Number of protein chains: 2
Amino acid sequence: MLNLYKNIIPQLVAVDCAIFGYENEELKILLSHRKLEPGKGNWSLIGGFIQEDESLEDAAERIVLQITGLSNIFMEQVATFSKLNRDPGARVISTGFYALIRIDQYAPLLKVEEYDARWIPVTQIPELVFDHNEIVQKAFEKLQILASIDLVGKALLPEKFTLKQLRSLYESFFQRSLDPGNFRKKIHSLNALERLDEKNTEGSKKGAYYFRFKEDDSERIFNRVIKI
Amino acid sequence: MLNLYKNIIPQLVAVDCAIFGYENEELKILLSHRKLEPGKGNWSLIGGFIQEDESLEDAAERIVLQITGLSNIFMEQVATFSKLNRDPGARVISTGFYALIRIDQYAPLLKVEEYDARWIPVTQIPELVFDHNEIVQKAFEKLQILASIDLVGKALLPEKFTLKQLRSLYESFFQRSLDPGNFRKKIHSLNALERLDEKNTEGSKKGAYYFRFKEDDSERIFNRVIKI
DNA sequence: GCAAAAGTGTTAATTATACACCCATGT
DNA sequence: ACATGGGTGTATAATTAACACTTTTGC
């Protein structure tokens with residue numbers, strides 16, 4: 001491969017993915033057990049080295065596809081982590097990503113046993129290898145900011161869902177309870193959802209209408225961030 | 001150096017810095033002319049390859065120090081850019097940073113002619129090499145978000161400044177005019193500044209009070225981002 | 001009928017926006 | 001005294017937040 005830059009020492013480059021999903025009224029993250037030394041067997045994010053012919057985004061998509069069976073999913077960079085001794089096995093520079101997937105579509109390609117991947121509530125994240133706890137922390141903060149200025153849900157909830165489910169998702173994002181009435185009004189004002197005629201009667205006798213995200217979101221309202 | 005990971009192809013890793021400063025009522029960015037092929041002589045961000053014994057943050061600080069003479073400055077990651085052919089000279093993965101410096105303290109260590117570094121208003125950014133325009137764009141967006149939720153100014157303005165100057169800085173961030181009266185009230189409500197007894201009489205006969213950032217910002221108010 | 005969750009309405013507090021007005025001072 | 005930018009005040013609209021109220025339906 002062409003290289004006009006001589007005498008530059010190349011580095012090992014990897015990606016680590018914080019994969020979020022939503023299930024049973026809880027926001028969860030997919031954690032696995034590390035296959036390689038050092039740290040073999042410990043809890044870890046899913047990651048891998050970048051290949052010569054792919055971008056970081058390509059690598060992250062490849063890895064998420066392997067472990068979830070899903071492609072074309074929502075994914076964003078968190079940050080790149082490069083402390084000298086973050087990985088005791090070698091000097092590795094790793095870019096963190098966070099991904100949002102629908103657990104109802106989760107269908108891993110790899111044998112689950114191989115990685116022993118599990119969905120863990122974000123409130124119960126164990127100690128992870130290397131600096132992975134820091135990556136998760138930053139990923140969660142980015143997700144919170146996103147959820148603050150845009151209605152996040154399409155990537156995490158099933159096709160149809162109740163407002164209670166959406167609210168409970170938001171309560172997971174912000175880790176606090178939200179007023180049901182005010183939440184409804186806020187969501188409706190965003191013009192992003194459409195009500196179906198169908199009701200979910202699991203949670204109550206009256207039944208709660210199902211909603212889904214509009215195909216056409218041209219009238220959807222986003223919050224400005226600018227407040228000053 | 002220890003390496004437990006065999007058969008992994010290492011990559012060239014670099015940093016590129018979008019250095020912002022504020023001068024004559026304008027937000028500016030420090031651009032240089034590229035010293036190396038490919039693209040030698042073209043407008044470019046200031047950057048360089050990461051060394052074996054430093055993190056990305058270390059490398060960015062080193063590079064900013066060389067070109068501005070300043071250390072301990074405000075700096076944050078923008079994102080990491082890794083498209084396969086972003087740099088025609090080789091496959092280079094580059095992490096973008098943005099830095100905020102005070103132009104009144106700017107004192108480059110390297111001969112300025114060597115890089116031909118210049119302060120260019122953000123409204124007049126020329127075509128840059130590779131994907132540097134994209135890096136600048138994302139850096140500016142990050143800066144806007146920061147300025148939306150926190151009072152940015154300490155890192156860009158001189159020690160003492162008038163509210164008009166601060167407002168003009170904010171007008172540079174958001175590229176729109178802000179109501180003088182409402183801006184004052186907003187700033188005062190944030191509890192971040194203290195008024196000096198001194199006045200600046202350059203702009204008017206009456207004179208405008210100088211302000212500075214409080215040493216103690218324990219009572220300073222930050223805007224929540226959470227709006228839903 | 002009543003419990004329980006869904007959904008609506010009312011009010012107060014806060015914040016944002018537009019703009020009128022007063023202030024100090026060099027000429 | 002008056003023009004000019006600095007600085008303050010006021011009226012209104014929009015948003016947020018707390019909480020009371022009505023609706024539906026299975027038991």
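## Salt bridges in a predicted model

At 56% relative accessibility, Lys83(B) counts as exposed, because the cut-off for that label is over 50%. The structure is a predicted model, and Lys83(B) takes part in a salt bridge with Glu134(B), in which the closest N and O atoms are 3.8 Å apart. This pair links distant parts of the chain, since Glu134(B) belongs to helix 3 (residues 132-149) of chain B, while Lys83(B) lies in the loop between strand 5 (74-81) and strand 6 (92-100), 51 residues away. Glu134(B) itself is partly exposed, with a relative accessibility of 32%.

Over all chains, the count comes to 22 salt bridges, and the table sets out three of them.

| Pair | Closest N and O atoms |
|---|---|
| Glu134(B) and Lys83(B) | 3.8 Å |
| Glu171(A) and Arg167(A) | 3.3 Å |
| Arg212(A) and Glu194(A) | 2.8 Å |

How far apart in helix 4 are Glu171(A) and Arg167(A)? They are four residues apart in this helix (residues 163-174) of chain A, so about one helical turn separates them. Arg167(A) is buried, having a relative accessible area of 16%, which falls in this class because buried means under 20%.

Some salt bridges also share partners, and in this way Asp16(A), Arg86(A) and Asp131(A) are joined into one network.

Definitions and conventions. Residues numbered from 1 in each chain as written. Chains lettered and ligands numbered in written order. Predicted model: local features only at pLDDT ≥ 70, side-chain atom pairs only at ≥ 80, totals over all residues. Heavy atoms only, no water. Salt bridge = Lys/Arg side-chain N within 4 Å of Asp/Glu carboxyl O. Helix = DSSP H or I, 4+ residues; strand = E, 2+ residues; numbered from the N terminus. Buried < 20%, exposed > 50% of the residue type's maximum accessible area, 1.4 Å probe, protein only.
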